[in-house]
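Here is my note on this model, point by point. Please keep the structure open while reading.

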Amino acid sequence: MPTVSVKRDLLFEALGQKYTDEEFDELCFEFGLELDEITSEKEILSREQGDEKAEGASDVVLYKIDVPANRYDLLCLEGLVRGLQVFKEKLEAPRYKRVSPTASVRPHAVAAVLRNITFTQERYESFIELQEKLHQNICRKRTLVAIGTHDLDTISGPFTYTAKPPGDIRFKPLNQSKEYTAAELMSHYKTDSHLRHYLHIMENEPLYPIIYDSNGIVLSMPPIINGDHSKISLNTKNIFIECTATDLTKAKITLDMIVTMFSEYCDEPFTVEEAEVVYPDGRLCVYPELAYRTETLSGDFINKRVGINESAESIAQLLTRMCLRSEVSGEGDLIQVEIPPTRADVIHACDIMEDAAIAYGFNNIFRSTPRTYTVANQLPLNKLTELLRQDLAAAGFTEALTFALCSQEDIADKLRKNIVETRAVHISNPKTAEFQVVRTCLLPGLLKTLAANRKMPLPLKLFEISDVVLKDETKDVGARNNRRLCAVYYNKSPGFEVIHGLLDRVMQLLDVKPGRNQGYHIQAAEDSTFFPGRCAEIFSCGKSIGHLGVLHPDVISRFELTMPCSAIDIDIEPFL
Amino acid sequence: MLICSDWMLSPRFTADVTSCPFPRPSQGDSSMADTGLLESLLRLLETVDDGTDSQDVAADLGVDHQVIVGAVKSLQALGEVISTEQKSSKHWELTGEGREIAEQGSHEARVFNAIPDEGLPQNELMKMPSGKVGFSKAMSNKWIRLDKAHEGGPRVFKTVETIEDTVRDKLQLVQKGQSAKLEDKEKNDLKKRKLLSEVTVKSYWITKGSSFSTTITKQETELTPEMIASGIWKEKTFKPYNFEAMGVAADCGHLHPLMKVRTQFRQIFLEMGFTEMPTNNFIESSFWNFDSLFQPQQHPARDQHDTFFISDPALAHEFPQDYLERVKKVHSEGGYGSQGYKYDWKIEEAQKNLLRTHTTAVSARMLYKLAQQKFTPVKYFSIDRVFRNETLDATHLAEFHQIEGVVADYGLTLGNLMGVLHQFFTKLGITKLRFKPAYNPYTEPSMEVFSYHEGLKKWVEVGNSGVFRPEMLLPMGLPEGVSVIAWGLSLERPTMIKYGINNIRELVGHKVNLQMVYDSPICRLDS
């Protein structure tokens with residue numbers, strides 16, 4: 001969830017009202033925001049870098065507000081204030097206008113111009129901050145969209161968006177004192193704490209995208225850096241905004257967001273100058289789209305989905321408070337809802353329904369029990385597991401709960417097995433070795449539990465009934481879970497008879513009698529995890545279901561244990 | 001998800017039971033001191049009216065003090081024969097080296113005495129056991145001098161005729177129990193030289209008890225079958241039990257606390273008429289985990305940073321083809337009244353296998369299955385593991401258990417969702433609920449559930465909920481009027497609160513503290 005940090009006093013000034021922290025928190029809650037933290041630059045600095053560094057930093061109160069990930073229109077002070085003011089019915093949602101073009105660019109980009117804008121220090125900071133927030137969120141760290149803003153008075157159109165080999169691009173980048181080639185820049189920014197995160201987007205491309213003006217001046221090399229020549233400042237009057245993208249829909253939304261938020265400060269507020277984009281195939285598009293869309297839905301639909309009983313008129317009023325200007329159409333209870341360009345998150349009637357519910361107040365909705373009649377059923381596998389767990393504890397064994405993810409070593413080397421034979425599912429992006437594979441047996445987890453509890457009095461008797469995962473080509477995903485029962489006995493003597501006794505008890509619980517054919521029996525077997533001559537395979541109704549035995553001394557030492565240990569591991573799915 | 005440390009209950013497992021000097025008597029109680037000594041002690045006590053110190057008793061009876069302490073404890077066990085008060089006193093004692101000096105003289109005196117009038121070569125003197133220490137001390141006392149230039153090597157000569165070995169004298173005083181004659185400074189100097197040590201002695205001040213007697217009647221420890229048969233128990237007195245002691249730990253196994261809580265949640269869902277979903281499939285395709293839920297392919301949750309992807313088997317095959325086409329269309333073009341996300345949807349992205357990030361992937365499979373039959377209302381639940389490739393801390397692990405509830409029926413409202421949540425949380429003992437609008441890609445509306453925490457005096461998040469989007473349900477083939485409401489929460493968090501555990505690793509995984517498992521109480525969520 002993105003967090004927007006705003007100065008409290010500035011916010012209250014813009015809202016035209018002072019709130020206590022509690023009152024503002026409450027307002028946020030209703031609107032679906034969260035007042036995450038009340039702090040100041042000084043406090044943040046002192047927390048992150050110590051009191052000394054914080055000396056002299058501003059102690060202006062900052063509100064950190066969590067904004068839902070789909071509400072790009074609330075990512076800056078301007079948008080937040082507009083949203084809240086309309087919600088509180090103190091302001092009508094503005095209409096965003098597009099006026100005739102003067103500039104033209106070529107191809108694969110969208111652009112717009114904000115004419116005669118007036119920046120103050122705060123507005124300027126907010127403008128920069130919004131671009132950063134958009135880059136981090138909808139632009140997916142600049143991979144989908146990259147924004148460039150320029151002082152239009154320093155450059156002259158038409159602008160050309162093209163691509164060149166990195167060696168052929170040469171310009172003075174933003175806030176640098178000399179010119180670099182693109183190739184030099186890529187290595188220069190490798191150590192830049194901010195920009196190095198974006199280098200990978202271009203790094204292996206043969207051609208880099210670049211935007212020139214009609215005099216060959218570089219505006220920007222998206223998505224990495226702008227040119228220094230056209231940089232904006234507090235005194236900039238006319239701003240040229242370009243968004244280059246791999247996702248055109250997101251580029252249009254991003255551009256709409258910037259211009260709707262900051263056209264507020266133009267001489268003619270909420271007015272944006274359009275830009276023509278000429279594609280290589282000659283197609284001509286005009287941006288920003290600033291598209292308004294109208295949806296028609298019935299009051300009944302809203303009432304039925306939310307569980308309220310409001311007139312169409314009052315629903316229209318609720319929606320208007322959410323920046324969705326709505327009117328009753330006069331035909332039955334139909335409501336015409338206008339979705340402004342700021343609300344790209346509204347893509348279906350259900351989104352409108354949610355806004356009506358928010359404006360009505362979630363906590364004012366009557367809570368009613370649905371009359372859905374159903375009969376409960378347990379999953380047979382889980383029912384069996386629950387019953388067995390109870391009785392294993394009654395048999396004196398303590399339940400462990402171990403991780404499903406582990407290292408390759410845990411399920412292979414440490415158990416004296418070959419990883420290929422384990423049929424293990426491998427994880428492609430583990431951050432550490434603990435998450436290399438999904439376990440193929442429960443034994444390593446139990447042995448690690450023993451190792452972590454060596455100081456406890458002996459004997460230690462542990463069990464777990466849980467899932468392991470094995471590759472299985474017959475499944476759509478190529479793997480399946482398998483419910484297994486595993487138990488260990490750890491003491492000064494191996495206690496094979498204790499584990500064998502547990503098998504007898506489990507079989508008794510499952511109502512399987514000892515015997516070769518219809519019953520269960522064990523039979524000497526060789527398994528590298530177990531001590532030679534101390535391992536048996538378990539058969540039930542003629543089918544192998546697992547092993548029991550005394551663990552191999554190497555297995556014991558590899559799990560950092562010192563005492564003999566016997567173990568049983570069986571598949572319980574055949575008993576369903 | 002946030003867990004406030006001050007929300008945690010105080011540690012429940014203060015296993016530190018009031019320690020008590022005796023266990024309850026058991027067979028063959030060997031702690032009883034011999035009767036002769038006990039009676040001697042009692043006779044001695046008879047002669048003194050205001051009591052005596054156990055150390056004096058030891059001196060009088062000529063036995064070690066520890067033996068008397070044992071006798072006192074035995075007498076205490078007999079009831080009110082004696083009464084005692086514990087005392088501790090400090091006294092000075094010679095160390096091993098101190099005793100040697102008291103006997104043989106200080107190192108410096110021994111060095112002095114070893115030097116004949118014609119002197120002694122220094123290297124020879126140094127070979128004496130006391131040589132090194134004695135030489136430097138004797139030098140600083142100016143008892144001896146060293147002639148470095150002496151022919152045949154450095155040689156040591158006496159400088160005085162006679163000496164007074166004060167160190168030995170002082171130690172002998174202490175040995176005789178007259179340490180009071182020494183000044184504190186003197187004692188501390190000797191302590192620094194490791195010749196003296198100050199020891200604390202715990203002793204008893206013993207006085208006659210209310211049922212004082214000089215004879216001991218041996219008390220029986222336990223009732224035996226023979227006593228019952230012969231009736232002799234009627235004439236016996238029995239040693240009193242110490243009811244302060246703990247009993248012998250029951251020999252039993254234990255269920256894991258997280259699993260105990262899981263059992264309770266399962267029970268609650270079953271009581272509410274919910275059917276358990278088959279969640280025994282940790283490996284899932286991106287298609288069921290994300291695409292079917294209308295979660296766009298560029299969504300941050302689908303990042304390597306958030307999700308564990310599978311390298312082997314890397315891809316899923318066999319999707320319901322018609323359904324897959326409908327999912328592709330609703331993402332890339334919209335439909336069913338939706339604008340869609342308008343991007344290039346790729347099958348390659350949907351095929352990627354992963355460790356499921358939520359059990360909602362199973363809910364999607366179940367709802368798709370439901371849509372393939374004539375619709376009947378359903379209530380589903382599951383509690384099972386999910387996996388996230390996130391940053392780990394005291395409350396976050398790479399795997400945790402998700403609790404999920406789903407209801408599908410015609411005409412369900414947001415008010416119904418709140419009503420079901422109210423019933424569910426009431427069963428957990430939580431009655432004060434309120435809801436905050438939230439965002440979730442597959443539910444609209446989405447609500448975070450907050451409950452009022454009496455301890456913290458504030459609202460805390462306890463779960464997430466919402467109504468599944470039509471873009472998820474309609475491509476599955478569910479009828480238009482059917483709404484599906486759902487909610488989820490983690491199993492670990494309520495368990496940590498319930499059992500007062502601050503670090504999730506002490507609860508889940510192999511680093512668990514088994515003592516905690518042994519000691520954890522039964523789980524009743526509503527009390």
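1. Start at Asn382(A). Leaving aside neighbours within four places in sequence, Asn382(A) is in contact with Arg483(A), Arg266(B) and Glu276(B) (contact: heavy atoms within 4.5 Å). Asn382(A) sits in helix 13 (residues 380-394) of chain A; helices (H or I, at least four residues) and strands (E, at least two) are DSSP runs, numbered from the N terminus. Its relative accessibility is 12%, so Asn382(A) counts as buried (buried is under 20% relative accessible area, exposed over 50%, partly exposed in between; 1.4 Å probe, protein chains only).

2. A word on basis. This is a predicted model: local features need pLDDT of at least 70, side-chain atom pairs count only at pLDDT 80 or more, and totals for chains, interfaces and linings use all residues. Residues are numbered from 1 along each chain as its sequence is written, chains are lettered from A and ligands numbered from 1 in the order written, and side-chain values use heavy atoms, without hydrogens and water.

3. Helix 13 of chain A also carries Glu386(A), while Arg262(B) lies in helix 11 (residues 257-271) of chain B, so this pair joins two chains. The two form a salt bridge, with the closest N and O atoms 3.4 Å apart (a side-chain nitrogen of Lys or Arg within 4 Å of a carboxyl oxygen of Asp or Glu).

4. Now the whole interface. Here 107 residues of chain B are in contact with 94 residues of chain A. The buried area is about 8300 Å², and carbon and sulfur atoms give 55% of it (accessible area, 1.4 Å probe, that two parts lose on being put together, summed over both). Eight salt bridges cross between chain B and chain A.

5. Lys436(B) and Glu34(A) form a salt bridge, closest N and O atoms 3.4 Å apart. Lys436(B) is in strand 13 (residues 433-440) of chain B and Glu34(A) in strand 2 (residues 34-40) of chain A, so this pair too joins two chains. Lys436(B) is buried at 1% relative accessible area. Glu34(A) is partly exposed at 25%.

6. Asp312(B) forms a salt bridge with Lys471(A), the closest N and O atoms being 2.5 Å apart. In strand 9 of chain B, Asp312(B) is the bridge partner of His426(A). Strand 21 (residues 426-427) of chain A and strand 9 (residues 310-312) of chain B run antiparallel, joined by two bridges (strands pair if DSSP finds at least two bridges between them).
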